[in-house]
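Open the model in your viewer and keep the sequence panel beside it. The stops below say what to select and what is there.

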Amino acid sequence: MSYIDSLAEKLARDVLLVQKETDDINLVQEIGNVLEASSSKMHEAFMTAVRVHTSETLARKLLDQKIAKAAKAAGVDLND
């Protein structure tokens with residue numbers, strides 16, 4: 001992973017965390033605009049990292065729902 005990718009990855013994780021905590025739906029776009037104005041490579045790496053994290057979160061949520069549904073159908077309590 002390049003230095004830019006590492007910085008973008010950390011920034012994306014931090015921005016997504018703050019966005020979730022504050023419900024600021026524009027935060028990713030605002031940070032993206034700042035990056036785009038100063039470094040197209042950093043902007044691209046940041047937006048890719050945001051998309052990857054968002055995709056993983058959505059996929060994990062779906063997987064968790066499927067596991068819970070299967071466990072319920074099998075009579076298994078996942079909280080034990």
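Which residues in H3 are buried? Select Met-42, His-43, Ala-45, Phe-46, Met-47, Ala-49, Val-50 and Ala-71: these H3 residues are buried. Keep in mind throughout that this is a predicted model.

**Stop 1: helix H3**

Select residues 40–74, which make up H3. H3 has 35 residues. Its first and last C-alpha atoms are 51 Å apart, close to the 51 Å expected at 1.5 Å a residue. Now show what covers the buried residues of H3: the cover includes H1 and helix H2 (27–38). Step past the end of H3 to Gly-75, which follows the helix. The phi of Gly-75 is positive, near 75 degrees.

**Stop 2: His-43**

Stay in H3 and pick His-43. Is His-43 buried or exposed? His-43 counts as buried, because its relative accessibility is 18% and the cut-off for buried is under 20%. Show its contacts, leaving out residues up to four places away in sequence: His-43 touches Gly-32, Leu-35 and Glu-36.

**Stop 3: H2 against H3**

H2 and H3 pack at about 155 degrees, and their axes are 6 Å apart. The two helices are therefore roughly antiparallel to each other; angles over 145 degrees count that way. On the H2 side of the contact, select Val-28, Ile-31, Gly-32, Leu-35, Glu-36 and Ser-38. On the H3 side, select Ser-40, Met-42, His-43, Phe-46, Met-47 and Val-50. Colour the H2–H3 contact by class: 7 residues are nonpolar, 4 polar and 1 charged.

**Stop 4: H1 against H3**

Next, select residues 3–22, helix H1. How do H1 and H3 cross, and at roughly what angle? Their axes come within 8 Å and cross at roughly 50 degrees. That makes H1 oblique to H3. The crossing of H1 past H3 is right-handed. From H1, the contact takes in Ile-4, Asp-5, Leu-7, Ala-8, Glu-9, Leu-11, Ala-12, Arg-13, Val-15 and Leu-16. From H3, it takes in Lys-41, Met-42, Ala-45, Phe-46, Ala-49, Val-50, His-53 and Thr-54. By class, the H1–H3 contact holds 12 nonpolar, 2 polar and 4 charged residues.

An α-helix has 3.6 residues a turn, so residues three or four places apart point the same way.

**Stop 5: H1 against H2**

Keep H1 and bring H2 back. These two helices pack at an angle of about 145 degrees, with axes 9 Å apart. Select Leu-11, Val-15, Leu-16, Val-18 and Gln-19 in H1. Their partners in H2 are Leu-27, Val-28, Ile-31 and Leu-35. How many residues of the H1–H2 contact are charged? There are none; the contact has 8 nonpolar residues and 1 polar.

**Stop 6**

Move to the loop between H1 and H2 and pick Asp-23. Asp-23 is not a glycine, yet its phi is positive, about 55 degrees. Asp-23 counts as exposed because its relative accessibility is 63%. Then go back into H1 and pick Lys-10. At 46% relative accessibility, Lys-10 counts as partly exposed. Draw a C-alpha to C-alpha distance between Lys-10 and Asp-23. It comes to 19 Å for a pair 13 residues apart in sequence.

Key:
Residues numbered from 1 in each chain as written. Predicted model: local features only at pLDDT ≥ 70, side-chain atom pairs only at ≥ 80, totals over all residues. Heavy atoms only, no water. Axes fitted to C-alpha atoms, helices over the stretch in contact; angles between N-to-C directions. Helix = DSSP H or I, 4+ residues; strand = E, 2+ residues; numbered from the N terminus. Parallel < 35°, antiparallel > 145°, perpendicular 65-115°, else oblique. Left-handed = near helix turned anticlockwise from the far one by under 90°. Contact = heavy atoms within 4.5 Å. Nonpolar A, V, L, I, M, F, W, Y, C, P; charged D, E, K, R; others polar. Expected span 1.5 Å × (residues − 1). Buried < 20%, exposed > 50% of the residue type's maximum accessible area, 1.4 Å probe, protein only.
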